[in-house]
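Here is a short briefing on a helix pair and a pocket. Keep the structure open while reading.

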Amino acid sequence: MSMIHKFSMDGYNIVLDVNGGGVHVLDDVAYDLVDLFEEKSMEEIVDDLNKEYTIEQITEAYEEIKSLKEEGLLFTEDTYQDHPSFVNRKKVVKALCLHVAHDCNLKCKYCFASQGDFGGAKELMSFEVGKKAIDYLIANSGNRRNLEVDFFGGEPLMNFDVVKDLVEYGRKVEKEHNKNIRFTITTNGVLLDDDKIDYINEHMHNVVLSLDGRKEVNDNMRPTVNDKGSYDVIMPKFKKLVEKRDKDKYYYIRGTFTRDNLDFGEDVLHFADQGFSSTSIEPVVGDESNPYALRKEDMEKVFAEYEKLAKQYAKRKLDGEDFTFFHFVVDLNQGPCVIKRITGCGAGNEYLAITPSGDIYPCHQFVGNEEFKLANILDEEVVIPQEISNMFREAHVYSKEDCKTCWNKFYCSGGCHANAINFNNDIRKPYELGCEMQKKRTECSIMIQAKLMLEGE
């Protein structure tokens with residue numbers, strides 16, 4: 001079944017061919033006509049549109065849409081469900097999230113990890129647990145060569161010696177098994193010093209720097225354990241890390257926006273103005289009983305802010321600024337990534353989280369939820385329950401009723417499994433507000449690419 005999505009933004013009439021991924025910027029007559037093209041004859045379309053446009057304009061637009069369809073650029077069919085790469089996808093583990101520290105030196109108000117301990121005891125991962133986790137990753141990665149290991153928390157710098165020992169171990173065993181492990185660390189920066197900065201810049205393929213944007217926004221949500229602001233402590237350290245980091249190595253500075261800063265675009269631009277070229281500000285996820293949680297009535301403001309940011313972002317890009325906002329990066333070519341677009345993040349199969357004591361969960365968002373504890377990495381034989389692993393494997397865009405008819409399904413991949421379960425108690429029922437914000441971000445991303453192509457020539 002073919003599907004299109006159309007929207008207007010910043011003066012552009014945009015039509016997305018959902019299944020093929022083609023994006024078309026149309027004039028007013030073609031934009032109005034595209035809705036009628038598959039349903040009505042040429043004569044009926046003329047009758048519908050001749051009050052606003054001339055017959056010549058309508059005919060020209062009709063031929064344009066017809067040509068796009070004949071070239072396979074519009075009204076294409078969805079054939080991905082039968083794609084061999086989807087039907088025959090193998091179960092291999094590609095990535096681990098190692099919770100090296102269930103402790104933290106900040107008290108972020110919205111933290112899903114309950115100040116780092118995920119509602120349990122404060123503890124640090126031993127080298128033995130981390131070593132067994134890396135062994136498990138390699139043993140279960142099949143023919144996959146590139147593997148990912150993320151050092152996560154709490155705050156992983158609170159257990160940095162073990163991080164370094166695990167990197168050294170990973171480098172040793174990857175060679176023995178013809179693998180390439182790419183290490184990432186996520187840090188709030190409080191414990192960064194010159195030695196840690198140099199080590200991270202040498203050994204970490206990616207680094208995620210946690211800060212919420214402007215000083216007043218960050219300090220309201222991310223106080224230290226002494227209830228003081230953390231911005232002035234952290235920002236100079238993040239700047240130093242980025243200044244010393246090789247240009248070919250990844251990083252991004254990542255924040256969270258809440259009800260308290262619905263003008264979050266200002267936080268994104270603040271990061272850019274402070275010299276950070278790779279940025280992300282994510283919407284908070286939380287129950288509406290929390291005062292900072294986003295609500296349905298906030299969405300109009302959130303959407304307006306995304307559009308405002310998109311226009312400013314496109315202008316900066318056109319002016320040659322080196323500035324990337326994670327949520328405005330979208331691949332408009334279906335290409336080899338189509339299976340990823342259908343199946344999503346891979347939690348519970350390709351991606352697993354390991355706690356300091358060795359407990360295995362589908363992803364970091366499930367840690368502490370005993371219902372989703374899969375096994376322990378120290379077990380004599382680690383056996384992931386097939387029932388749970390299959391539940392995650394089969395939670396794709398073709399098994400979710402809301403996704404089947406959604407134009408954004410190949411860009412959001414069905415949304416976050418943890419949010420679906422936490423809000424709806426059903427992995428196949430996506431979190432509605434998350435869906436709506438994803439759709440707006442996709443529209444903004446497409447508009448930006450159209451603007452850059454048309455005005456950047």
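Angles under 35 degrees count as roughly parallel, over 145 as roughly antiparallel, 65 to 115 as roughly perpendicular and the rest as oblique. The model is predicted.

**Helix pair H7 and H9**

- Helix H7 spans residues 194-203, and helix H9 spans residues 231-244.
- Their axes come within 10 Å and cross at roughly 40°.
- H7 and H9 are therefore oblique to each other.
- The crossing of H7 and H9 is right-handed.
- On the H7 side, the contact uses Asp194, Ile197, Asp198, Ile200 and Asn201.
- On the H9 side, Lys237, Lys240, Leu241 and Lys244 meet them.
- Sorted by class, this contact of H7 with H9 has five charged, three nonpolar and one polar residues.

**Second largest pocket**

- The volume of the second largest pocket is about 370 Å³.
- Its lining holds 21 residues.
- Closest to the pocket centre are Pro430, Tyr431, Glu432, Leu433 and Cys435.
- H17 supplies the largest share of the lining, with five residues.
- By class, the lining of this pocket has nine nonpolar, eight charged and four polar residues.

Conventions. Residues are numbered from 1 along each chain as its sequence is written. This is a predicted model: local features need pLDDT of at least 70, side-chain atom pairs count only at pLDDT 80 or more; totals for chains, interfaces and linings use all residues. Side-chain values use heavy atoms; hydrogens and water are left out. Axes are lines fitted to C-alpha atoms, for helices over the stretch in contact, and angles run from 0 to 180 degrees between N-to-C directions. Helices (H or I, at least four residues) and strands (E, at least two) are DSSP runs, numbered from the N terminus. A crossing is left-handed if the near helix is turned anticlockwise from the far one by less than a right angle, and right-handed if clockwise. Contact means heavy atoms within 4.5 Å. Ala, Val, Leu, Ile, Met, Phe, Trp, Tyr, Cys and Pro count as nonpolar, Asp, Glu, Lys and Arg as charged, and the others, Gly among them, as polar. On a 1 Å grid over the protein atoms alone, a cavity is a set of points where a 1.4 Å probe fits but cannot get out, and a pocket is an open set with protein on both sides within 12 Å along at least five of seven lines; lining residues have an atom within 4 Å of a point. Grid points are joined across faces, edges and corners, and a volume is the space filled by probe spheres set on the points.
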